[in-house]
Amino acid sequence: MDLSPGAVDPLIREVTLKRMKQALRFAKLLDASVVVFHSGYDKWRYDHKVEIWLEKSLLTWEEILKERGDLRIAVENIFEDTPDNLILLMEKLDTPEIGLCFDTGHFNLFSSVSLTEWLQPTLRYISEIHIHDNDRTRDLHMAPGKGNFNFQELFQMLKDSGSEDLVFTVEAHSLQDAIEAVRFLQNYRDLVYF
């Protein structure tokens, strides 16, 4: 919740690193393959100065990369309205051990660019997709198809790009939405292997 990988205050980054390292240890116990962390970037908090976030964020991610073991790391979009800060981070880190998690609901809520404009420059970095929907009013975590995110376009782009070895996570917040999500996704088996 309160983690800030790009925090300017070193004590906030210290607590963030502690919690992230705890998550890595727990993920190893679970024999997970990918651990997803939020980017922590919010253009309003950083006064649109991505370089401030990037400088401190790089310190955090470099430390996490040392601790990851066999785990892949994925940085998730949250409040980003464009993928620019995430692309900068991936370019600076320049390692296959860390990639991006594309969150459909967060994109739908906060993006100021089209799905194509977001995915074209980021597809090569994406290792996980979080699947949930909303009506652009709140982060409702509804089953896909209950809101207005264009899943057909997403899955077609993934298929066309040849993206492989992706982790798909349904982020439904109720059992009913989880069941509906599975039913919904069965309609796209020709586009993406689940």
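Start by selecting Glu 180, which is partly exposed at a relative accessible area of 25%. Here buried means under 20% relative accessible area, exposed means over 50%, and partly exposed lies in between, with a 1.4 Å probe and protein chains only. The model is predicted, so local features need pLDDT of at least 70 and side-chain atom pairs count only at pLDDT 80 or more, while totals for chains, interfaces and linings use all residues. Residues are numbered from 1 along each chain as its sequence is written, and side-chain values use heavy atoms, with hydrogens and water left out.

**Salt bridges**

Lys 146 is partly exposed, at 43% relative accessibility. A salt bridge is a side-chain nitrogen of Lys or Arg within 4 Å of a carboxyl oxygen of Asp or Glu, and by this rule the count comes to nine. The helix and strand labels stand for DSSP runs, numbered from the N terminus: helices are H or I with at least four residues, strands are E with at least two.

Next, select Glu 63 and Lys 21. They form a salt bridge whose closest N and O atoms are 2.8 Å apart. Glu 63 lies in helix H2 (residues 50-67) and Lys 21 in helix H1, so the pair ties together parts 42 residues apart in sequence. Glu 63 is partly exposed, with a relative accessible area of 27%.

Move to Asp 47 and Lys 49, whose side chains meet in a salt bridge of 3.1 Å, N to O. Asp 47 is partly exposed at 47% relative accessibility, and Lys 49 is partly exposed at 36%. His 48 lies in the loop between E1 and H2. His 48 is also partly exposed, with a relative accessible area of 45%. Leaving aside neighbours within four places in sequence, His 48 is in contact (heavy atoms within 4.5 Å) with Tyr 41 and Lys 43.

**A nonpolar patch**

Select Phe 26, Leu 29 and Leu 30, which make a nonpolar surface patch of about 380 Å². Patches are made of residues with over 30% relative accessible area and no salt bridge; like charges are joined within 9 Å, and nonpolar side chains (Val, Leu, Ile, Met, Phe, Trp, Tyr) within 5 Å. Accessible areas come from the Shrake-Rupley method with a 1.4 Å probe, and for residues only the protein chains shown count as cover. Leu 30 sits in the loop between helix H1 (10-29) and strand E1 (34-38), and is exposed at 56% relative accessible area.

**Buried residues**

Go to Val 75 in strand E2 (residues 72-76). Val 75 is buried, with a relative accessible area of 0%. Not counting residues up to four places away in sequence, Val 75 touches several residues, including Phe 37, Trp 61, Leu 86 and Cys 101. To check a distance, pick the C-alpha atoms of Val 75 and Arg 124: these residues are 49 apart along the chain, and the atoms are separated by 13 Å.

Now select His 132, in the loop between strand E4 (126-131) and helix H6 (151-161). His 132 counts as buried, at 0% relative accessibility. Its side chain makes a polar contact with the side chain of His 141 at 3.5 Å. A polar contact is a pair of N or O atoms within 3.5 Å; within protein, one must be able to donate a hydrogen and the other to accept it, and residues adjacent in sequence count only if both atoms are side-chain atoms. Among the residues that His 132 touches are Asp 103, Phe 151 and Glu 171.

In helix H5 (residues 115-122), select the buried residues Leu 115, Trp 118, Leu 119 and Thr 122. Seen down the axis of H5, they fall within an arc of 85°, so they line one face of the helix. The arc is that of the directions from the helix axis to the C-beta atoms. These residues pack against helix H3 (84-93), strand E3 (98-103), helix H4 (104-110), E4 and H6.

Finish at H6, where Phe 151, Leu 154, Phe 155, Met 157 and Leu 158 are buried. Their arc is 160° seen down the axis of H6, so they line one face of the helix. At the N-terminal end, Asn 150 caps H6, with a side-chain oxygen 3.3 Å from the backbone nitrogen of Gln 152. Just after H6, Gly 162 takes a positive phi of about 75°.
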